[in-house]
Amino acid sequence: VAEAIAEQEWPKRPKLAEKTDGSRWRLDDQDGRHRWTYLEDEEAAKQWPQSHADKYYLGLPLDLRDLPPPQSPLDAARNGLTFYEKLQLPPGEWGCEYGGPMFLLPGIIITWYVTKTPISSAYATEMKNYLFARAHPTLGGWGLHVEGESTVFGCTLNYTALRILGVEPDHPVMLKARARLHALGGATSSPHWAKWWLAVLGVADWDVVNPVPPELWLVPDWVPFAPWRWWPHIRQVYVPMSHVASRRWSCEETDLTRALREELFVQPWGSIRWKAHRNDIAPADNYHPKTWVLNTANWFLVNVWDPYLRSSWIKERAEAWTSELVDMEDANTDYACLAPVSAPMTTVMCYIRDGPGSYTVRRHIERLEDSLWVNVEGMLCNGTNGVQCWDTAFSIQAAVAAGLEGDERWRPMLVKALAFLDRQQIREDCKDQAKCYRHPRKGGWPFSNKTQGYAVSDCISEALKSVVLLQKTDGYPQLLDDRRVFDAVDTILTYQNEDTGGVGSYEKRRGGKWMEVLNAAEVFGNIMVEYDYPECTTACVTALSIFQKHWPDYRADDIRRFVTRAVSWIKTNQWENGAWYGSWGVCFTYAAMFALESLSLVGEVYETSEHAKKGCDYLLSKQRADGGWSESYKACETMQWVEHPSGSLVVQTAWAVIALMEAEYPHVEPIKKGIRLIMKRQQANGEWLSESIEGVFNKSCMITYPNYKFTFPIKALGMFARKYPDELISP
Ligand code: LAN
């Protein structure tokens with residue numbers, strides 16, 4: 001393989017243009033597999049006209065006519081749906097950009113480089129444009145995510161990516177970014193994952209990378225810190241990362257990597273004592289400082305284990321087992337992998353194991369495209385290979401909240417959405433489920449698509465709710481029979497954590513929260529194990545409750561027990577001041593919407609429950625004079641309420657009024673004021689404009705959910721219209 005790699009020729013570098021022709025981009029949607037294609041050929045472009053959705057994503061004019069001005073919240077909801085319907089994709093789902101994290105695209109670009117994969121000029125041009133557009137406006141450089149201040153992580157990786165794409169080091173954006181990077185300490189103070197990528201690229205020495213021993217995968221399963229117990233994202237990153245690190249593979253030297261050695265560091269490259277910089281980390285990057293436990297373990301691994309104890313027998317066994325784990329992941333996701341963090345790392349691993357041109361490499365390279373997206377700024381990498389199932393479920397629920405599911409006008413759209421969820425339900429558990437440590441998934445839904453195939457507690461629940469709501473409405477096809485509905489319920493029931501009654505994301509918790517002492521990523525918090533989330537817990541509670549109304553006899557005791565324990569966990573999770581902290585949306589308004597819905601399902605509302613009352617009072621104390629709510633992403637980092645500098649925001653306002661309505665807050669006035677704000681912000685064509693970043697993960701990294709500005713306002717308006725049919729508000 002090494003020989004084949006050495007003999008493989010370098011592809012021509014992409015030609016960078018100022019920009020591409022927006023009218024040539026198409027979203028190719030193969031039943032929920034999304035790939036952006038650039039049609040070089042004029043004839044081909046004529047044959048395949050751009051859809052509304054394509055144009056909308058690309059920021060091209062839609063030329064839609066104005067809708068009749070709404071006279072009531074229900075009118076406004078209908079107008080919203082009229083616009084949003086145009087974004088439904090042919091297979092029946094909704095998609096969108098899912099950007100925010102600034103550490104994903106470089107992984108893909110570096111992978112292309114080291115595997116000598118040609119980069120098309122259209123892709124390179126738009127990636128360059130995106131990264132230019134997203135450079136910090138004053139400081140220069142890039143942060144961990146689009147809203148953040150620049151960090152060594154963001155600067156090192158994105159600077160490197162741009163150089164690979166063909167941008168010269170003396171370009172003004174690059175000069176500024178480099179100055180920023182150097183002011184922060186240079187690439188020797190980058191976090192672990194960046195150091196790993198630089199070592200792969202051959203720009204840093206492997207000695208600077210803190211240990212990621214694949215041997216850890218050999219410890220018996222009963223060991224409390226065994227990696228199978230980690231949160232799936234971390235363990236799936238660890239597999240290829242440890243394998244490649246163990247082999248200390250680096251790309252051969254090139255002019256470009258030699259140049260990067262000069263550009264990324266503050267010290268002369270030859271003088272760097274790599275080992276001494278293992279624990280260097282810039283303060284701006286150090287969200288979760290490494291603990292003394294981890295530092296001690298690392299010291300032992302570097303100074304004792306590696307030089308004296310690590311036999312080649314152990315090394316080979318560990319590499320063989322991580323290699324097999326990768327094969328199982330590839331088989332279960334058709335090479336898509338869990339997310340575009342582990343995906344490019346796995347591609348590199350397959351390249352050095354199977355060689356250029358092998359099936360694994362070709363398939364991985366193809367799959368990496370599923371996560372790329374084009375917007376008005378350029379091309380970026382989404383946080384996942386799409387948002388298909390998740391956003392489709394909320395779209396259905398928005399229409400149902402407005403009572404529109406029985407209306408002929410909306411039936412075709414909703415039937416298509418239902419059919420999409422029907423096709424995307426996961427019908428089988430993973431092959432080798434126990435061996436590759438996967439959670440049962442039969443009957444579940446993923447966040448994105450069935451190919452990726454990782455069921456998530458709340459994605460299953462939201463999709464199941466949507467399916468049941470539609471199938472129990474007259475006139476809808478019965479696409480899922482009872483057995484498939486039961487499969488989903490069976491899977492939801494596997495998610496409850498024994499100790500707390502709460503629910504995490506992909507799995508039941510497998511290890512103690514103390515494992516956070518081994519968090520080596522530095523830039524994220526709460527990543528090592530599954531936690532309990534009010535959002536995920538509520539989604540399960542609501543899905544099970546709706547299910548039970550229609551099938552009162554199926555596993556009735558299990559469901560009752562699950563719901564009781566879950567709701568009591570939600571109560572214990574409430575803060576003294578009445579708030580709940582949101583882990584996946586920004587921030588307290590998001591969590592309140594879920595938590596208050598859970599409480600209301602067991603009859604706990606404002607007038608009857610201290611918890612619900614406190615939750616509402618907390619929200620009301622944050623309502624602004626114009627009737628809206630406003631939260632900055634900083635709230636997620638600091639775990640305190642932080643107002644957004646630009647004032648009230650539509651999405652947070654929708655979450656807050658939904659929360660108040662769920663809790664049956666007895667006075668209509670504050671709710672009405674929120675609804676009026678949502679209506680005022682609606683455009684004449686029914687759309688809402690994007691205002692601020694909506695989502696978060698691991699406390700520190702923000703991510704966009706562009707469809708939330710449709711689904712939640714429509715839901716809020718619809719709920720209001722049904723609850724207060726006589727309140728006719730006009731904006
Ligand atoms: C997501 C996206 C969806 C999200 C919800 C369904 C909204 C949530 O309720 C449960 C968790 C989940 C599935 C989730 C988990 C973490 C993801 C996959 C992301 C936030 C999108 C990107 C992120 C992933 C971890 C990014 C890579 C970063 C690492 C630290 C590995």
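This is a short tour of the model, stop by stop, with what to select and what you will find there.

Before you start, note that this is a predicted model, where local features need pLDDT of at least 70 and side-chain atom pairs count only at pLDDT 80 or more, while totals for chains, interfaces and linings use all residues. Residues are numbered from 1 along each chain as its sequence is written, and side-chain values use heavy atoms, with hydrogens and water left out.

**Stop 1: the ligand**

Select the ligand and show its surroundings: 22 residues surround it, the closest being Y98, H233, V341, F447 and D458 (a residue is near a molecule if one of its heavy atoms lies within 4 Å of it). Taken alone, the ligand exposes 630 Å², and the protein buries 100% of that (Shrake-Rupley areas with a 1.4 Å probe). Now pick D458: a polar atom of its side chain lies 2.3 Å from an oxygen atom of the ligand.

The space that the ligand takes up is the largest cavity. A cavity is a set of points, on a 1 Å grid over the protein atoms alone, where a 1.4 Å probe fits but cannot get out; a molecule sits in one if more than half of its atoms lie within 2 Å of its grid points.

**Stop 2**

Most residues other than glycine have a negative phi, and most peptide bonds are trans. Select Y335, in the loop between α13 (312–333) and α14 (342–354); helices are DSSP runs (H or I, at least four residues) numbered from the N terminus. Y335 is not a glycine, yet its phi is positive, near 70°. Its relative accessible area is 15%, so Y335 is buried (buried means under 20%, exposed over 50%, partly exposed in between, with a 1.4 Å probe and protein chains only).

Next, go to C587, in the loop between α21 (556–572) and α22 (588–601). The peptide bond leading from V586 to C587 is cis, with omega near -20°.

**Stop 3: the loop between α19 and α20**

E522 sits in the loop between α19 (482–493) and α20 (534–550). Its phi is positive, about 70°, although E522 is not a glycine. E522 counts as buried because its relative accessibility is 2%.

R509 is in the loop between α19 and α20 as well, and it counts as buried at 14% relative accessibility. Which side chain does R509 join through a polar contact of 3.1 Å? It is that of D499. A polar contact is a pair of N or O atoms within 3.5 Å; within protein, one must be able to donate a hydrogen and the other to accept it, and residues adjacent in sequence count only if both atoms are side-chain atoms. Also display the backbone oxygen of E530, which lies 3.1 Å from a polar side-chain atom of R509.

**Stop 4: two last selections**

Select T257 in helix α11 (residues 255–263). T257 is buried, at 1% relative accessibility, and its side chain reaches the backbone nitrogen of T254 at 2.8 Å.

Finish at G444, in the loop between α17 (411–424) and α18 (457–471). With a relative accessible area of 0%, G444 is buried.

Key. On a 1 Å grid over the protein atoms alone, a cavity is a set of points where a 1.4 Å probe fits but cannot get out, and a pocket is an open set with protein on both sides within 12 Å along at least five of seven lines; lining residues have an atom within 4 Å of a point. Helices (H or I, at least four residues) and strands (E, at least two) are DSSP runs, numbered from the N terminus.
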